[in-house]
Amino acid sequence: MIDIHDISKIYQMGSVEVAALQNVSLTVSQGEMLAIMGPSGSGKSTMMNILGCLDVATSGQYVLEGEDVGQMNDNQLAEIRHNKIGFVFQTYNLLPRATALSNVEMPLMYGDGHNRRNRAMEALYKVGLHNRALHRPVELSGGEQQRVGIARALVKNPSILLADEPTGNLDSKSSDEILTVLQRLNRDEGLTVLLVTHEANVGQHTDRIVSFRDGHVVNDAPVTIPLTAGAGISSNGVDL
Amino acid sequence: MNFFTTFFIAIDALNSNKLRSGLTLLGIIIGVSAVITLMAIGRGAQESITSRIESLGTNLLFIRSGATSSFGFSGAQGSAANLTLEDSLALTDPILAPSVVSVAPETQLRGQLVYQRENSNTRLIGITPEYLSVRSFEIEKGQSITSTHINMASQVIILGPDVVENLFGFREPIGQTIRVNGRDFEVIGVMKSKGSGGFGNQDDQAYVPISTAYYRLGTQRTPQGEISVQVVNVKVRDEEATDAAVDEITNILRIRHRITDEDDFTITNQQETIEALEETTNTFVLFLGAIASISLLVGGIGIMNIMLVSVTERTREIGIRKAMGAKRRDILSQFLVEAVLLSLTGGFLGVALGLGLTQVLDGIKFGSSTLNTSFSTDIAALSMVVSGGIGLFFGSYPAMQAAKLHPIEALRRE
């Protein structure tokens, strides 16, 4: 479903050209869960932005579900982001004044928007936060905020879930909760999940690890025995 | 995106920073209410000036004698004593002057009025019985000057209300004898008050028969020894007939004065006076409005300022919304609706405040003059539209700034 062929991203820093990505090719099929790993400055964030249609590559081709994204203008990209992509951020990026429910509803305002409340409630139910729907972000723990973030990404039924360091700001217990949710969405609902991380442990929970260094893919290998998150899930109090 | 959704997002955003929204609102409120109040004061002044002049009668013509000319130097209008009592009688000719209804000549002089220990220096006007109806004066009590008084040059006098107050206080003036320039006059009537303004205080004057003014108090005569009058008030049939009346009067007077070149008299049209004054007061009203508009403009700049701050503060929110699929026009309309909502609310409250101020200020006295205000709905509606437009105009730059933010940069911003 994702077919990236030979893309490069070059930034102009004053008179110097800096290549964040160089001739990268990547194919992701439907229902895969994969981790993009690498140290900072390796180009993984740039890769994420391009995959999420927040940015376009300088050269190369990016075909998402049969559509060539590389040639699209701002409005068409916004359309793609709205219809096909769900973002989960390291810092959650929730609107602080809005309740969990309103935060989840927000992406629906930019589409047809019918039945918003019910669809948002359904998404919150999927991440086990339906009973915290009317709390504001400050009243929720980090793990809960991130689950609201996942619900917000899910509400439009995207083709891919893109998670940028989703556990980067969380303790190990909350991280486990998040990985549980992501794995469940991938395994039970067949959602394609891409996560960017620099934690090896997080990468081990996926099916495949793509490693970046200095703007190149240096390694692309399946995980032999993926770890399963949330061994004692019900005792964690996560109601899934 | 749905309009109502945008609307509620805007209300929510404005609500989240009440003090700031309130202060911005205040800028527009002050601007709009200033426009409305100042325009109301201007219009009120205009109306009261016009109505004062109209109270003299709108179908009036004034004939004044022309200027003296000696060795090429012109004197003041009316300084040549060449308009006579006979001239004014000639104007009543129904065949030569069909547009003229009645004619009231008058002559003016100063007089020292003395009653017991009180005295007053005032304007004396020598009049005929027609004067009251032509100039729309009414007798408050007592009687008017009759043709018998004219024929006999009786020493009778009608006093204006201010003169009565000066000389008599609360005592009864009718039937009393006062001395005018050393002669005894009987007070036969008191004029109804007309109020001051327009052409000086019309309450502070006294009226004697025109013949008495000549024979007993002494006024100018023409070089031919005829009795001269300074002004002839002419009442015209109706307003449409004024032009015809001017022609008729001009013809009669030119023939009587044997004039072949320039007129030795001037005819002033009351309507022209009103129009000229209205033109002046219009400028005044516009001037007031223009000054008030400046504060409205400043209010608009306040909106722009606060919207720019808001865009900077909410850069991250804009980034999130864009990442979630918001298009440029979604962000644009969100901020535009916010700005217009601010300015329209300000406009509405400003109209309400302006209306309140207009009511409160109406009839307030400043020293001797009274403030009149006139609230006009057209100005109120215009202010609303203008304030909405101001929101749109001053909101569009910040909204455009917000809309063109790049999602990645916006998300990176703290």
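This is a predicted model: local features need pLDDT of at least 70, side-chain atom pairs count only at pLDDT 80 or more; totals for chains, interfaces and linings use all residues.
In chain A, helix α5 (residues 142-154) packs against helix α6 (residues 172-189) at an angle of about 20°, and their axes lie 9 Å apart. α5(A) and α6(A) are therefore roughly parallel to each other, and their crossing is right-handed. On the α5(A) side, the residues that take part are G143(A), Q146(A), R147(A), I150(A) and L154(A). Their partners in α6(A) include I178(A), V181(A), L182(A) and L185(A). Sorted by class, this contact has six nonpolar, three polar and two charged residues.

Among the residues of α11(B) that make the contact are I331(B), L332(B), F335(B), A339(B), G347(B) and V351(B). α12(B) contributes, among others, M384(B), G388(B), G391(B), L392(B), G395(B) and A399(B). By class, the contact of α11(B) with α12(B) has 16 nonpolar, seven polar and one charged residues.

Of the 27 residues that line the largest pocket, L95(A), A98(A), S102(A), D12(B) and R321(B) lie nearest its centre. Elements giving two or more residues to this lining are α3 (100-105) and α4 (116-126) of chain A, together with α1 (3-15) and α10 (315-323) of chain B. The most comes from α1(B), with five residues. The lining of the largest pocket has nine nonpolar, seven polar and eleven charged residues.

The second largest pocket holds about 450 Å³ of space and is lined by 18 residues. Nearest its centre lie F89(A), Q90(A) and D164(A) along with L411(B) and R412(B). Two or more residues of this lining come from each of α1 (44-51) of chain A and α13 (407-412) of chain B; α1(A) gives the most, with four residues. In class terms, the lining of the second largest pocket has seven nonpolar, five polar and six charged residues.

Notes:
Residues are numbered from 1 along each chain as its sequence is written. Chains are lettered from A and ligands numbered from 1 in the order in which they are written. Side-chain values use heavy atoms; hydrogens and water are left out. Contact means heavy atoms within 4.5 Å. Ala, Val, Leu, Ile, Met, Phe, Trp, Tyr, Cys and Pro count as nonpolar, Asp, Glu, Lys and Arg as charged, and the others, Gly among them, as polar. On a 1 Å grid over the protein atoms alone, a cavity is a set of points where a 1.4 Å probe fits but cannot get out, and a pocket is an open set with protein on both sides within 12 Å along at least five of seven lines; lining residues have an atom within 4 Å of a point. Grid points are joined across faces, edges and corners, and a volume is the space filled by probe spheres set on the points. Axes are lines fitted to C-alpha atoms, for helices over the stretch in contact, and angles run from 0 to 180 degrees between N-to-C directions. Angles under 35 degrees count as roughly parallel, over 145 as roughly antiparallel, 65 to 115 as roughly perpendicular and the rest as oblique. A crossing is left-handed if the near helix is turned anticlockwise from the far one by less than a right angle, and right-handed if clockwise.
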